[in-house]
Amino acid sequence: MKTLKLIAAGIILLVTSTTTQAQVSVNVNIGTPPAWGPVGYSNVDFYYIPDIEAYYDIRLAQFIYFGNGRWIHSRYLPVRYRDYDLYRGYKVVLNDYHGRTPYVYYKTHKAKYYRGYKGKPQKSIGVYRNDYGHDNRRDFDRGNDRGNNYNKHNSGNNNHDRGNGNGNGKGKH
């Protein structure tokens, strides 16, 4: 009788630990795509962004780009691309790669997906609002150029300067 109880307790412990372990591994491997990511891709790890020749790691929420002779992982794009519009730029979904270093295929990606490359039309996951509060989601769906107006208004050095780093919101005069 004692032997039967011990066997039953062992089976219950084994089943419980296996279920808990499976739940943990499922949650660890899922990343949340950014709002500017394309709709319709749930099981991908990386995007390649041809216009800036960079990758985006969905799991780690980091950009990967080449600089100073090495591949850099960063939550932010380099300064030279601070005005790049991720919502309007084309993203190549790398659904055939699940490793940690997509840049081992950089030469292939760069040749196949050159700067200015546009594949099938894409819709962003999230809503994009310009600096004036305009919801440009409809403009993206129709492919209008109206959604890019904020870059035209805020490029250069004017009284609406957003990136001079002085923290007071005023541009240099």
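Is Tyr56 buried or exposed, going by its relative accessible area? Tyr56 is buried, at 7%. Here buried means under 20% relative accessible area, exposed over 50%, and partly exposed in between (1.4 Å probe, protein chains only).

This is a predicted model: local features need pLDDT of at least 70, side-chain atom pairs count only at pLDDT 80 or more, and totals for chains, interfaces and linings use all residues. Residues are numbered from 1 along each chain as its sequence is written, and side-chain values use heavy atoms, leaving out hydrogens and water.

**Exercise 1. Describe the aromatic pair of Trp36 and Tyr56.**

Step 1. Recall the rule. Rings of Phe, Tyr and Trp (its six-membered ring) pair if their centres lie within 6.5 Å; planes under 30 degrees apart are stacked, over 60 edge-to-face, the rest tilted. The whole structure holds 16 aromatic pairs.

Step 2. Apply it. The centres of Trp36 and Tyr56 are 4.8 Å apart, with 70 degrees between the planes, and the pair is edge-to-face.

Step 3. Trp36 sits in the loop between helix 1 (2-28) and strand 1, and Tyr56 in strand 2, 20 residues apart. Helices (H or I, at least four residues) and strands (E, at least two) are DSSP runs, numbered from the N terminus.

Step 4. Check burial. Trp36 is buried too, at 9% relative accessibility.

**Exercise 2. Classify the pair of Trp71 and Tyr103.**

Step 1. Take the geometry. The centres are 4.8 Å apart and the planes 15 degrees apart, which makes the pair stacked.

Step 2. Find the positions. Trp71 belongs to strand 4 (residues 70-74), while Tyr103 lies in the loop between strand 5 (92-93) and helix 2, 32 residues apart.

Step 3. Widen the view. Trp71 and Tyr103 belong to one aromatic cluster, whose members include Tyr48 and Phe66.

**Exercise 3. Find the salt-bridge partners of Glu53.**

Step 1. Recall the rule. A salt bridge is a side-chain nitrogen of Lys or Arg within 4 Å of a carboxyl oxygen of Asp or Glu. The whole structure has four.

Step 2. Take Lys110. Its closest N and O atoms with Glu53 are 3.9 Å apart. Glu53 is in the loop between strand 1 (46-49) and strand 2 (54-57) and Lys110 in helix 2 (residues 106-112), so the bridge ties together parts 57 residues apart in sequence.

Step 3. Take Arg115. Here the closest N and O atoms are 3.5 Å apart. Arg115 lies in the loop between helix 2 and helix 3 (137-142), 62 residues from Glu53.

Step 4. Compare accessibility. Glu53 is buried at 17%. Lys110 is partly exposed at 38%, and Arg115 is partly exposed at 46%.
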